Structures are given as structure tokens and as C-alpha cells.
Amino acid sequence: MRPAWWAAFPPCEARIRCGAGEHALRWAEGRLSSAAHDDTEGELVLAALGGEKAGCVATIEAWGVHADDLDVLALGPRSPADDLAVTWELVDELRAALGPAARSVPMRPGPAPGAGRAGPGTGSGPPGPQPGPVAYAAPGSGPLRGGPRPGARPLRGLPARRLSPDQERARAQRVELLSLFALGRPFQQRLSAEVAAAWSDGGPAGAAGDPARAQPALIAALAGRLAPAAGPWLGLDPDAVQAALHEGPGWGTAEWDGTGLRAALPLSWLARVWAPGFPVVDGHLIVDVVEGSWPQVQVLGLPAPGAEPAVLSIRADREHWSRARGER
Amino acid sequence: MSGHAAAAAEIYLRLIAEAELRQRPVLSGPGPHLHRVWLAAATLAAVGAVGPDVAWQVVSEFEASAGLRSRNIGPVISSLRRPSWARTGARPHHARQYGSAAVGARQSPTRPEAGGPDMPTAVQVGARLPLPAEREGWYGEFCLLSLARTGSQAALAVAARWAGQTRRAAGPRPRHAPHYEVGAVDDRGVSYQTSLWDVGLEDGRDWWDCHLGLDPAPAPGTRWLEVGPGSQGRRVRIDLTAPPGTVRVVTEPIPPVSAATRLLDQAGDDLLGIESATTGASAQLAGRVRQVIRDLIGSGTLRADDPAVLRLAGLGWRLGLDLGLGGPVPARALPAAWISLLADGHAHDGRDAVAPFAADLPVIGGARLALAGLRSAPDGATLHVMASGWEPEGHGWLERGTGPGDSPLDLSLSWRARDSTGRWHLVTGMSRGPAAQTRGMIKMYLTPPLHPAATALDVIVTGPDRQIRATVPLSRAADGSWPGWPPRAPVPPGLPTAPDPGQ
């Protein structure tokens, strides 16, 4: 049986400010949760009835809202070298500049406990094989209650003009998404994977409108992530890599067309291969995961365009994936 | 545009955005950025290959992505502000004409009802109103060409200038236009306020082409209007019941032409217009035109061997421009207007003269138009038009690069003119003012100048499925002035006279 899309991801954690304290948010097996809030749905119901929404709960809710949001793929990272300049300070500043409408998800992170904090964006790729989840705590400290951190300044260049309700909503959602990105690179990768997985089988359940209208955005999302990996694999300019969505059985195709690589891959490639961080391993373009789970999986890898894919066993070593011992 | 073609064009645009993002672009500061993605989006939106909402969305996502990667967070939020042209309900004329769901230009908010009160109509005036002395003894004059009006607005097309000075030792001629305030009254005793609008730069030019707005607009049934007082209490009476002049208007059906073809033809016009003004200037636009062609072909909107592509490439070859493909093409493959411009584009032989005429044109592309006179100059001519249901959105976009806040180029109507000597004229610029009083009044700048021997001018307006040709008279009268040119205003004895515009 084919492994779940999240099989190659290790769990990860981030600590955020929640009420007067701080709690760990944990992502594992395709799900975001908080050990401090075991009845998230119940808390959301209470919040809807007028109760205060805890920061952890709001974050988990936001994660669910954006789990099929194509903006995640439009704005999110394309490659390990593609750093997003999203920090908690930035999110605070945006909230300060944009007012209460942008503060629908109060989840200012708390200080990381103890030493060894890692900032968002500093831990690119999934963590290595260690016992238990790796913590990616956001930097900074200070309470969220009452608004942004003291000293947050309005951002230059933001429009001061009146916005329509739709624009206000879009702006709040954008800030909300940035706050999810601010959880750190591992969460950016996982959220991207979740969106790709949601759109992999004809679009998310209950998607508004015609899923076919999302095709151009999905093709661009695939191309934008395949090119930075496949270009160097062949010693090509990434612009010479063309991507299309493969639909139907099989992993797709990858051919040399005389000037560049022409590949057709399923959208699930983003979730199963690209996001866990092994689009190219040991000279092979990885096109699918066939078995296993983190930290060791069996994959299909192409040694060259047009070649038959080989089954490889690869293993994670911190942020790096390589052929498992005895595979060569 | 089919759904498949629209999707292909959107994919093309999004892949451009991905490629640009790999270059780690820096969008500095707030405001419009004419980056590669925007320019491609503007091109594809103008021809309806992608809808304006899609064009805006791709640009917005690109700018936000670039901002996130360059630590410039402004675009991350500001790019969410959807410009008016990308909002639901904005639909271009040509898209509607072609039955396409794609959109390329903004529908005028003032689109009139058929035969309704917004139908512009013009009446020829052809009178000179001398003005009293203003600063430093300089006195000006208004050449009132034509009155154009709808049920709610009215404006006189005016050529204004300083005509002379009362004191020889006075200071230099003012750099601004004469702005002596006049008023108007009608046969019913109704008074009108007038304001001079759309004057343009105060750069000391010889003539200012402008509009004298009337407030209120003359009510239906008004028989005449007197404008003044000018110098020595002079007034100009405008007969609003005068029959139409000797303007011949012909409407002809034309084969449907795609918006992409019209865009490339417009690009050719723009190249020639710019080249006419300054030799070699078109070379600065070659890269932009090359990009436009590449985007239209790359998005699947046009084939590389489309006649529009080939003739534009052929024009580029004749201008010494490398437009990326094509080469010499026979003259017969080029529009007659381009051949004419290639021959006479640099002419500087136009007369200083005015031609007051009036012509109400049939509806074309949903637009209602009235021609309201013209002023000729050595290097070109200014044609006055009142339009309802059409605005020249994005005109000159190739040269200026329409900004993201602007509407995409409107390709629903194209304008050219040909004088009676066979010389063609392109519209190299359009100008309209912000004043409500003169809304709909447009100045169109024709290049090259009218041939000095021209006796008539065909103003040719081409819409999606038909073409209107209005032939307006320019023939010189025995006294050296053009038809409608009034007797010259008396000049006080001993004062210098201004040169005769007909000379």
C-alpha cells in the first residue's frame, strides 16, 4: 500500500504564547495539535459563543483554514535556498499597521524555554533522525494580549486608504497566513505539502468553484518547485525545465526534449517528495515514494531523463537525504 | 477566447512569474512597479487572453512573493488592493463584441443609453473671440472651433493664444494660456459659467488647445448661445439650431479582427508615431515590442506566422529594429498608413490654421462620438472629440508603460486619419482632463502634420466589426483662411498684429 503523503516527514514542534503561558504546537502525521488543548473543537465552539480563543486553538484553526489555500503555494518557499523573510516581529508590525481586522488570530509566540532556540527560517528542511520531535521555537517574547508587542511600528508603504470588506478580509487572511509561515521553515514545508495533498485528487472536498480553474496555479506551483531542483540535477538553467501536471496512474514522465527537461508529475509529488526535502538524491530525480516512513523510505528515482526509474532506499540525516547504507 | 486558451495564457503568465521570482526581484518602496510580470499581464489582459482579475491576481501574488523574499513587506499587503479595472463587472467593449468572457479594458462608467441624453452632438462655431489685455498688456484670443455637448455637459473646443500686446515695452509674453474669464447667456436669458480646462503645460507655446466648459449644459430647445464679453464687449453667438455642416460620414463593415491583432497594429502605430517625433526613438521601444510579441505567441494567443506578427516585424525591419523575428515584407503587406508614415513621418510642413467642423458619428463599439474641430500646426494637428461610453484607457501604454493602477489598454476603438493628399496621420497621443465639466472631451494628437495642400481630412474610427470614415473639410478660403475661419478681429491702431493662422 502506498504510504500516506506525510509519511516522509518527521514530527516538528514550535512554541507559541498561549494566554498567560506558552504551549508547544506539534505537527505529526499530517496533523497539527497542542497537548495543552486536547479538545480543540470544543474550545472553538466555546469561542464562537463568546469565549476567549486560546492562541494555540486559533493557530490550529488557522492551519485548517489554510490547509487548502492556494496562496500557501503562491507565496511559500520554492527551494531550500528560498528563504521567506517572515518573522514574528514582522507579523506584529503588520498587525499594528493594519488594525484589529488583521488580528483575527492572536498567536504571538512565546519565548522558547531553555537554551537552544532556533529561529524560523533557520532550520531549513526537516530535522534529522533524533528521538522525539525537534523543536522550532519562534524568537522574541512579550504578551500578545492587548495588541502587538510594544514598539511595533507601522510599516512604510502600506496603504492607508479605506478598504472594502472583502479587502479587509483578504488582508486579515494574508496576515494569518504569514503568522503560520512565521512558525518556521519546517511548518512552511508541511503546510505546502498539506495544500498540495488537498488538491491532488481533483481538489479539496467542498472547494468553492470549479477546481479546473486552479490548474494554472497548480502547474505553476509544481514548475516553480521542480525547476530549482531539476535544473541543477541536469546542469541546466532552471528556466529550461518545463513542468506539467500528470493525471492518471503512474508517476508521470520526464524526458529530454533537446533543449531542456519536459516533465509531467502528479501534484502529489509536491507533498510526497519535494516538501520532505528529497527531490534529488544521489544524482536521481525522485519521482515518488513507494514505501516506508521517515527516517527511511523507498523511492522511485530517475538516473537520467527518459530512463526507467529505479527503486532506491534513502535515509534522512538531519536535513539531508542520501542513499541508505548498503544501497550503492 | 476558449477556456482552454485562457488557461494556457494564465499558465504562461504564471510561469513568467515563477521565472522572475527565481531572480529574486526587489520591488523597492510602495507604488507601481513595471516589472516583467506586470508588463506581460498588461499585454495579455489588453487582448483578453486572461481576464483582468487573473492578471491582477498573478501580479499581486508575484509582488507579495517578491516582498517576502526581499524583506520589503509593503507589497505583501498592498498588493491585495485590487485596482478598479480588476474588479468584478469591469468588461471591455471588445470582449463583449467578441462574446468573450475575457477582459481587456474598462467600460466607461458613463456608457449611455441608446438615443439617451448622453448622446454627444457638436455644432460648428468657427469664431474668434478677442480678449481684453491681461498681464503686461498682453491680450489673447479664443478661436472657438465647435461646441460639443450631451444632455448634461457642454464644452467649446478652443484654440487659445496670445494675439498681441498693447504696450511695445511690455514684458515677455506670458508662459501660461490666456485665461480671461468670459461667460455665456442663451436666448432664454439663462446664464452660464465658463471655465477653461485641459490647457496643459504652461510652457510658453504659441497655441493652447483647450476646452471651455459650460455650466450648466444648455437645455433642450435652446436656440442660441452668446459667449463673451471679450475685448470691447464683443460676443460670439452660437446657433445651436444650425444644420450639420458638410461632413460626409460613411460606415463600413469590416471583417472581425482579434484584439491581439489590433494590439500589434497599435504597436506599429506607436512605433511610427514615436519615430516621427524623433528619429531613432523607436529603438528604445524595440525591446518592449519584442516582449509583447513574445508574450502573445508564448501564451498561444497568436501564432508566430500570424500576418499581424509578420507585418509588425516587417515594419521593425524597415525601421531598423530587431523585433525578434521576421524580416523584410513587401510593402503591400503593410497597412497603407504605415507606408505613408515611413515616407512622410518626419514632415514639418503643416500650416498654422484651425478647422472648425462638427460631425456626430454613428455608434461604434458601444461608443458615441462627435468631432469638434481641429487645429493644425507645422508638426502635427490636434483633433477635438467628445466621447460618451468610451475612454481612451491606456493610450500610449507602449511608450509610457501603463502602471498597475491604470486600466489596461483599451483596444475597442482605433483611430487614424488620412488627408485629401493621401497622407496618413496616426494618433500619437490622447489627452483628457479631470474636470467634470469637460468630461468626455478628448484631444487627439495627429502625426505627421496635415499636408499644406490638403482640402479635407478623413477621420477613421475602427471598431470591432465596423469602420466609420468622416470626411471633414479643410479647404482654404480665398482670404487664406480655412472654412469657418472668421474675419480677423480688429486690432487697435498702431499695435503689432499676431501672425495670421492661415498663413
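Of the 503 residues of chain B, 55% count as buried. A residue is buried if 20 or more other C-beta atoms lie within 10 Å of its own, exposed if 12 or fewer, and partly exposed in between, with C-beta atoms placed from the backbone. The model is predicted: local features need pLDDT of at least 70, side-chain atom pairs count only at pLDDT 80 or more, and totals for chains, interfaces and linings use all residues. Residues are numbered from 1 along each chain as its sequence is written, while chains are lettered from A and ligands numbered from 1 in the order in which they are written.

Chain B has ten helices and 18 strands. Helices (H or I, at least four residues) and strands (E, at least two) are DSSP runs, numbered from the N terminus. Two residues are in contact if their C-beta atoms, placed from the backbone, lie within 7 Å.

Eight strands of chain B form an open sheet, in the order E1-E2-E3-E6-E5-E4-E7-E8. The pairing is antiparallel. Two strands pair if DSSP finds at least two bridges between them. Strand E1 (121-133) and strand E8 (236-239) of chain B are the edge strands, each pairing on one side only. From one strand to the next, the twist averages 25 degrees. Axes are lines fitted to C-alpha atoms, for helices over the stretch in contact, and angles run from 0 to 180 degrees between N-to-C directions. Within this sheet, strand E5 (191-197) and strand E6 (208-215) of chain B run antiparallel and are joined by five bridges. B:Trp197 stands opposite B:His211 in E6(B). B:His211 is also in contact with B:Val158. Other contacts of B:Val158 include B:Phe142, B:Leu144 and B:Leu212.

Strand E18 (466-473) of chain B has antiparallel links to strand E9 (248-253) of chain B, through six bridges. Here B:Val249 has B:Ala470 as its bridge partner. Seven bridges join E18(B) to strand E17 (456-462) of chain B, again antiparallel. B:Ala456 stands opposite B:Pro473 in this pair. A hairpin of three residues connects E17(B) to E18(B).

B:Gly350 is found in the loop between helix H9 (336-344) and strand E10 (353-355) of chain B. B:Gly350 is buried because 21 other C-beta atoms lie within 10 Å. Leaving out residues up to four places away in sequence, B:Gly350 touches B:Ser376, B:Ala377, B:Pro378, B:Asp379, B:Gly380, B:Ala381, B:Pro449, B:Leu450 and B:Pro452. B:Pro448 is 98 residues from B:Gly350 in sequence, but the two are 8.3 Å apart in space, C-alpha to C-alpha.

The two chains meet through 26 residues of chain B and 29 residues of chain A. On the chain B side, the elements giving two or more residues are helix H1 (3-22), helix H3 (52-70) and helix H4 (74-78). H1(B) gives the most, with ten residues. By class, this side of chain B has 13 nonpolar, four polar and nine charged residues. Ala, Val, Leu, Ile, Met, Phe, Trp, Tyr, Cys and Pro count as nonpolar, Asp, Glu, Lys and Arg as charged, and the others, Gly among them, as polar.

Chain A is divided into domain 1 (12-198) and domain 2 (212-323). These bounds come from an automatic or database domain assignment. The contact between the domains takes 17 residues from domain 1 and 19 residues from domain 2 of chain A. Helix H3 (70-75) and helix H6 (185-198) of chain A each give two or more residues to the domain 1 side. H6(A) gives the most to that side, with six residues. The domain 1 side has nine nonpolar, six polar and two charged residues.

Three strands of chain A form an open sheet of mixed pairing, in the order E5-E7-E6. Its edge strands are strand E5 (241-245) and strand E6 (253-256) of chain A. Four bridges join E6(A) to strand E7 (261-265) of chain A, and the two run antiparallel. A:Thr253 has A:Ala264 in E7(A) as its bridge partner. Helix H7 (215-234) of chain A lies across E5 and E7 of chain A, at about 140 degrees to E5(A).
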